[in-house]
Amino acid sequence: MKKYMIFGLGFLFSALTFAQELEATVEKDTTQLDEVILIGQRKLSNYRQEKTLSSIDEYLEKSNKVTMIKRGNYAWEPSLNNMDSQRLVVTIDGMQIFGACTDKMDPITSYVDVSNLEQVSIDSGQEGTENGHCVGGGINLQMPQSKFNGSGLKSSVDLGYETNGNYKIAGLELEYVGNKFYVNADGIFRKSDNYDAGGNKEVLYSQFQKYNVSLQGGYKLAENHVLDANVIYDKATDVGYPALPMDVSLAEALITSLTHTYKNDSTTIKSWESKLYYNTITHIMDDSKRPDVPIRMDMPGWSDTYGFYTKATLKENKHNILLNLNGFYNRSLAEMTMYPNDPNQPAMFMYTWPDIRTLYTGIYAKDAFALSQDKTVSASARVGYHQNTVAEEVGLESLQIFYPDMDDSKSRFLMSLSADYKVKKDSYDATFGLGYGERAPSVSEGYGFFLFNSFDNFDYIGDPNLNNEKALEANLAANYYANQLKIGFETSYFYLTDYIIGEVDPSLSAMTIGANGVKVYQALSHASIFDFYVNATYNISEAFSLNGTLGYNYGKGSNDENLPFIKPFSYLAEINYTRNFFNAALQLDGNGNQTNYSSYYGENETAAFAILNLNLGNVFYIKSNKMVLKYGVENILDTNYSTYSDWNNIPRQGRNFYMNVSFVIN
Amino acid sequence: MKLKYILPILFIALLFTACSSDDDENNTPPVINEVEGLTKIQDIVNNNHTIELYSKSGHFYTGYNNVSLRIKDNTTDTFFEDVTISWMPVMQMPTMQHACPYSAITKAPGRDTVYQGNIIYQMTNTDGSGWSLTLNYTIDGTDYNVTDTITVLQYENQNVTSFMGTDNTRYVLALIEPQDPKIAINNMKVGLYKMENMMSFPVVEGYTITLDPRMPGMGNHSSPNNTDLTYRSADGTYQGNLSLTMTGYWVLNLKLLDATDTVLKGETVTEENPQSSLYLELEF
């Protein structure tokens with residue numbers, strides 16, 4: 001199956017990057033520390049990715065390790081190893097990009113669409129530090145590789161409709177591939193009304209609308225040299241957030257890059273890729289559609305990032321070496337203006353992110369050494385210099401209300417180390433890894449100024465003097481193959497010190513009307529996070545297969561309180577029927593009762609649930625053209641449920657009939 | 001190998017886009033203006049001299065007024081550099097008249113002809129009328145005086161308050177700083193004066209004023225790291241830290257405590273009592 005997936009896309013990848021050559025490029029349902037989710041647009045995959053026009057969020061949600069935190073029907077926040085944005089490094093093709101919303105309403109995964117990407121690589125823990133420092137792991141959204149195979153003009157049209165929420169999707173892609181250059185243009189439009197939870201209960205403010213256009217082109221300068229340019233423009237308007245007190249009237253991103261690639265199979269340096277990039281995000285929160293709010297407010301935010309990386313892969317004897325030098329400069333600014341109900345009073349203004357400039361430069365090195373044909377030991381390290389500066393004098397002075405002695409800048413030295421050992425035999429494979437990593441506090445954790453969190457109903461204040469959060473981790477994964485059965489498990493344990501989390505400061509007075517109080521970001525002396533997944537696949541026949549996964553997660557802080565957003569016991573079972581031109585899958589997806597919820601951090605117990613989904617797909621060939629049809633029913637039993645990762649327990653979608661159709665015209 | 005040429009070009013291009021030149025220099029020599037940044041309130045004229053009154057706004061307002069003045073010789077059109085001046089603001093009420101707290105007048109630092117002092121008008125009539133200002137001054141051993149009516153406008157917020165303490169003494173309390181409040185820890189300075197009689201308002205020393213700033217428009221929330229105002233003998237004011245976490249309308253709730261910590265005026269802010277009876281207002 002793995003081979004099918006990879007070779008099926010093979011013509012798209014003129015070459016895999018070195019990093020993927022090193023890792024086993026595994027397909028999403030296996031239990032492995034490194035996952036690669038193929039954005040299999042217009043492919044007939046028989047696994048969990050049913051819809052060709054799924055959003056990136058939906059793709060990520062199918063991964064074992066990733067859970068999406070939902071504040072609405074759009075812009076879900078990925079969480080990996082039970083750790084979310086600030087503990088992960090999420091990049092687009094190695095490019096750093098930071099959301100502009102103080103309330104995490106715009107994870108960067110919301111600024112790209114499936115049409116922009118080829119695959120997503122998910123690396124757990126310190127395996128994920130190629131592009132930056134993290135404790136939880138790395139998610140890299142990869143754009144398509146350049147190609148010069150002279151395949152000429154190709155176009156495709158995608159249309160999708162879902163009954164729940166009257167969700168309409170349309171996409172168009174045009175591509176010309178010559179021998180010296182190629183150009184690819186695509187656009188996608190999505191619009192959904194409010195969706196209905198189980199039992200036809202409309203979830204108000206769950207609508208969204210967005211479009212995304214991208215242009216990518218490349219020119220072959222010489223035999224081994226390629227220059228690529230890429231521009232993505234993504235604009236979402238009228239996005240509702242049912243779990244939050246505010247919506248979004250505009251979330252806009254412009255993502256640009258220029259890449260030079262050198263590739264040569266006959267030299268020690270196999271590839272050398274350098275990229276310059278710039279991206280800018282504007283995010284405008286809006287409460288004008290809400291009839292009843294204690295006070296009207298505007299909360300715009302901006303984030304601009306300039307950066308570069310240059311990375312090389314080398315192969316010498318049994319060494320596979322990857323070097324990556326990167327750097328970025330980010331500006332994050334957010335403000336809040338509140339309009340008093342008494343019109344005689346002036347508007348109230350504050351900087352919630354007081355123009356924080358982050359400068360980072362670092363270097364990453366990894367060596368995979370082949371001990372023998374089937375045994376590999378690898379080690380990696382990243383060191384970096386990280387500096388935050390408060391550029392806005394007003395912002396610095398406002399933070400000095402809380403920290404009178406704080407300086408306008410703070411420098412940190414960050415380090416990450418990891419090592420692993422892999423064995424791959426015909427009947428089994430296993431990986432054992434150890435890692436140590438550090439991360440700097442995020443802009444909100446370091447410099448946030450009265451950021452209201454509707455989850456625990458507290459205002460949050462950052463602390464610029466927080467220590468780096470550190471994680472010591474161990475992981476183990478193994479798979480056993482016997483005839484038609486594959487059984488595997490994977491487990492990770494993280495021991496985090498100086499674990500950053502908000503703690504109540506009873507001496508402070510809440511700014512937000514109705515808030516319970518103020519929390520200040522502080523560090524728990526330590527915290528533990530553990531996860532364990534077991535997965536089994538059984539191929540009953542050529543066409544039928546069974547697949548099941550069980551997951552267990554645990555997280556506790558040194559204050560003996562459960563950590564928030566720790567996934568309860570989860571399970572997934574599916575039966576697949578696969579032929580060349582047709583597939584079908586029936587899935588059972590559920591969670592156990594969230595018994596270890598964190599009341600201390602504002603969680604309540606989420607009840608167990610289980611839902612049933614049915615997915616069907618057909619592919620038709622008409623001469624050289626192709627049509628892919630995907631259709632099915634999600635939540636067949638119209639269960640009304642919410643999961644532990646649904647912000648303020650907003651219920652998820654009820655029964656939904658969907659159909660996606662793609663035409664590929666060669 | 002073209003790569004080694006391309007990469008440097010890319011990086012150089014990046015560096016250059018980050019640079020800009022801005023060498024505009026102002027070559028005009030600075031004109032020394034003794035009343036730079038000040039606006040004239042009015043001229044008070046007698047036979048010999050014109051007394052020019054200035055402030056930042058160009059108006060007298062209720063509350064604390066920092067006033068600059070200079071005296072012009074009407075015959076030579078020059079300003080005197082060595083004069084002794086005192087003043088007396090008086091408000092004419094229907095049945096009586098009274099003065100208000102004011103400071104002595106001294107030479108403005110770094111100025112040759114400009115003198116300054118402050119006046120705290122605790123009240124005014126709605127049309128700005130009622131006040132007059134008398135100036136007594138000495139030039140080269142000769143005494144002069146002049147009196148004229150002035151206009152004192154009602155300031156939009158309560159920046160001064162006149163009240164009776166539990167010790168049966170009438171006090172005037174005025175906000176002196178911050179004049180330009182910031183989202184920051186501001187140095188707050190108030191003047192506290194006792195009404196000894198209708199014409200005498202001496203500074204009160206050694207009391208304490210507690211401070212609790214609140215935003216009534218936003219759930220009446222407070223701010224952290226405020227300090228009580230204590231007496232500073234250097235300039236005869238009460239000073240402390242005032243934290244303002246955002247712009248907007250703030251009520252500075254105060255309590256006046258005498259030297260034995262007896263509350264003379266004001267109450268603690270609670271859920272039931274959202275505002276002290278002793279307060280100042282601030283808006284920015």
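Helices (H or I, at least four residues) and strands (E, at least two) are DSSP runs, numbered from the N terminus. This is a predicted model, in which local features need pLDDT of at least 70 and side-chain atom pairs count only at pLDDT 80 or more, while totals for chains, interfaces and linings use all residues. Residues are numbered from 1 along each chain as its sequence is written, and chains are lettered from A and ligands numbered from 1 in the order in which they are written.

**View 1. Chain A as a whole.** Chain A holds five helices and 34 strands. Its radius of gyration, taken over C-alpha atoms, is 24 Å. The C-alpha trace of chain A spans about 70 × 55 × 45 Å along its principal axes. A residue is buried if 20 or more other C-beta atoms lie within 10 Å of its own, exposed if 12 or fewer, and partly exposed in between, with C-beta atoms placed from the backbone. Buried residues make up 52% of chain A. Two residues are in contact if their C-beta atoms, placed from the backbone, lie within 7 Å. Take the contacts in chain A between residues at least 6 apart in sequence: 65% of them join residues at least 24 apart.

**View 2. A three-strand sheet in chain A.** Two strands pair if DSSP finds at least two bridges between them. This open sheet of chain A runs in the order β2-β3-β4, with antiparallel pairing. Its edge strands are β2 (66–69) and β4 (83–84), and each pairs on one side only. Four bridges link β2(A) to β3 (residues 77–80) of chain A. One pair to look for is A:Ile69 with its bridge partner A:Glu77 in β3(A).

**View 3. Strand β34 of chain A and its partners.** Strand β34 (residues 656–665) of chain A pairs with β9 (residues 152–162) of chain A in the antiparallel sense, over eight bridges. Here A:Val157 stands opposite A:Phe663. β34(A) also pairs with β33 (residues 625–634) of chain A, again antiparallel, over nine bridges. In that pairing A:Leu629 stands opposite A:Val661. In a regular strand the side chains alternate between the two faces of the sheet.

**View 4. Helix α4 of chain A.** Helix α4 covers residues 393–400 of chain A, and its buried residues are A:Gly395, A:Leu396, A:Ser398, A:Leu399 and A:Gln400. These buried residues pack against β20 (348–372), β21 (375–390) and α5 (443–447) of chain A. They also pack against β14 of chain B.

**View 5. Where chains A and B meet.** The contact takes 32 residues from chain A and 25 residues from chain B. On the chain B side, α1 (3–17) and β14 (184–194) are the elements that give two or more residues. α1(B) gives the most, with five residues. Ala, Val, Leu, Ile, Met, Phe, Trp, Tyr, Cys and Pro count as nonpolar, Asp, Glu, Lys and Arg as charged, and the others, Gly among them, as polar. By these classes, the chain B side has 12 nonpolar, 10 polar and three charged residues.

**View 6. Chain B and its two domains.** Chain B has one helix and 20 strands. Buried residues make up 35% of its 284 residues. Chain B is divided into domain 1 (39–153) and domain 2 (160–283), with bounds that come from an automatic or database domain assignment. The centres of the two domains, taken over C-alpha atoms, are separated by 27 Å. Contacts join 12 residues of domain 1 to 11 residues of domain 2. On the domain 1 side, β4 (63–73) and β6 (97–98) of chain B are the elements that give two or more residues. That side has seven nonpolar, five polar and no charged residues.

**View 7. A four-strand sheet in chain B.** The order of this open sheet is β6-β5-β9-β10 (chain B), with antiparallel pairing. β6 and β10 (142–150) stand at the edges with a single partner strand each, so one side of each is left without a neighbour in the sheet. Nine bridges join β9 (residues 131–139) of chain B to β10(B). B:Trp131 has B:Ile150 in β10(B) as its bridge partner.

Key: The radius of gyration is taken over C-alpha atoms; the globule rule is 2.2 Å times the number of residues to the power 0.38.
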